[in-house]
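Subject: Structure handover

Hi,

Here is the structure for you to look at. My notes follow below it.

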Amino acid sequence: MTKVFLVDDHKILLPGIKILIESIPGFSVAGEAYDGLTAVSEITRLEPDICIVDLSIPMLNGFGVAQKLQENRIDSKIILLTSFIDDSLVSRALQYRIAGYVLKENNTEELKRALLEVRDGNRYFCPSVMTKMINKMEKLESGGDNGQQTAIVNSLTPREQDVLMLVANGLTGKEICGKLNISESTLKKHKTSLIRKMDVKTTNELIALVNKDERFARLLT
């Protein structure tokens, strides 16, 4: 029996996903969580075969969940279920060895196909995501992407990227700490590292740089 764990703060969606999973022979629902921290705790305890994780969940996002599970050496495969598709998100999904990437707008057959592929040891990225990946590769090969911006973003850790975008979007330090579940001292360390890597002198210059050059925003979205 393939055990599947569900993580989504949109509770209205979970019953439909449960029905789909339990309609597939050999699959069962092992449990569910509504935020990233609870998800990590429960997945570590239950060790399901597959986790369907919404990317934008409270406390710890889908990538954060993947990172924590890897640190805890939990082998559960993750299928991201999200409304968002962007080059940088797809790149991060590959970075975190995400097994599947399915858009919420896709029909249930797409999610079913992802579950079956991942169960069989394959990775499954839905067609629209694959198109993004191919276009990104072609753009890089043609030199259409700005190398300097890409190099800077690639030098940032995933958490630094999260902090940078929240800072650029005008969130206060307290709001950022609450959203990312980090301490003020940890936030200060991330800001110091960002200022150094992006070659500016202050947080205000950091914000101005990202907002002035939309290529940074596109790469970080």
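A residue counts as buried when its relative accessible area is under 20%. Keep in mind that this is a predicted model.

Start with Thr2. Its relative accessible area is 11%, so Thr2 is buried. Thr2 sits in strand S1, which covers residues 2–7. What does Thr2 touch, leaving aside residues up to four places away in sequence? The partners are Gly26, Phe27, Ser28, Asp49, Ile50 and Arg119.

Next, two helix pairs. Two packed helices are described by the angle and the distance between their axes.

The first topic is H1 with H5. Helix H1 spans residues 14–23 and helix H5 spans residues 108–119. Their axes come within 11 Å and cross at roughly 50°. That angle makes H1 oblique to H5. The crossing is right-handed. From H1, the contact uses Ile17, Leu20 and Ile21. From H5, Thr108, Leu111, Lys112 and Leu115 take part. By type, the residues of this contact are 5 nonpolar, 1 polar and 1 charged.

Then H8 with H9. Helix H8 runs over residues 158–168 and helix H9 over residues 173–180. Here the axes come within 10 Å and cross at roughly 140°. H8 is therefore oblique to H9. This crossing is right-handed. H8 brings Arg159, Asp162, Val163, Leu166 and Val167 to the contact. H9 brings Ile176, Lys179 and Leu180. The residues of the H8 and H9 contact divide into 5 nonpolar, no polar and 3 charged.

Best wishes

Note on methods: Residues are numbered from 1 along each chain as its sequence is written. This is a predicted model: local features need pLDDT of at least 70, side-chain atom pairs count only at pLDDT 80 or more; totals for chains, interfaces and linings use all residues. Side-chain values use heavy atoms; hydrogens and water are left out. Helices (H or I, at least four residues) and strands (E, at least two) are DSSP runs, numbered from the N terminus. Buried means under 20% relative accessible area, exposed over 50%, partly exposed in between (1.4 Å probe, protein chains only). Contact means heavy atoms within 4.5 Å. Axes are lines fitted to C-alpha atoms, for helices over the stretch in contact, and angles run from 0 to 180 degrees between N-to-C directions. Angles under 35 degrees count as roughly parallel, over 145 as roughly antiparallel, 65 to 115 as roughly perpendicular and the rest as oblique. A crossing is left-handed if the near helix is turned anticlockwise from the far one by less than a right angle, and right-handed if clockwise. Ala, Val, Leu, Ile, Met, Phe, Trp, Tyr, Cys and Pro count as nonpolar, Asp, Glu, Lys and Arg as charged, and the others, Gly among them, as polar.
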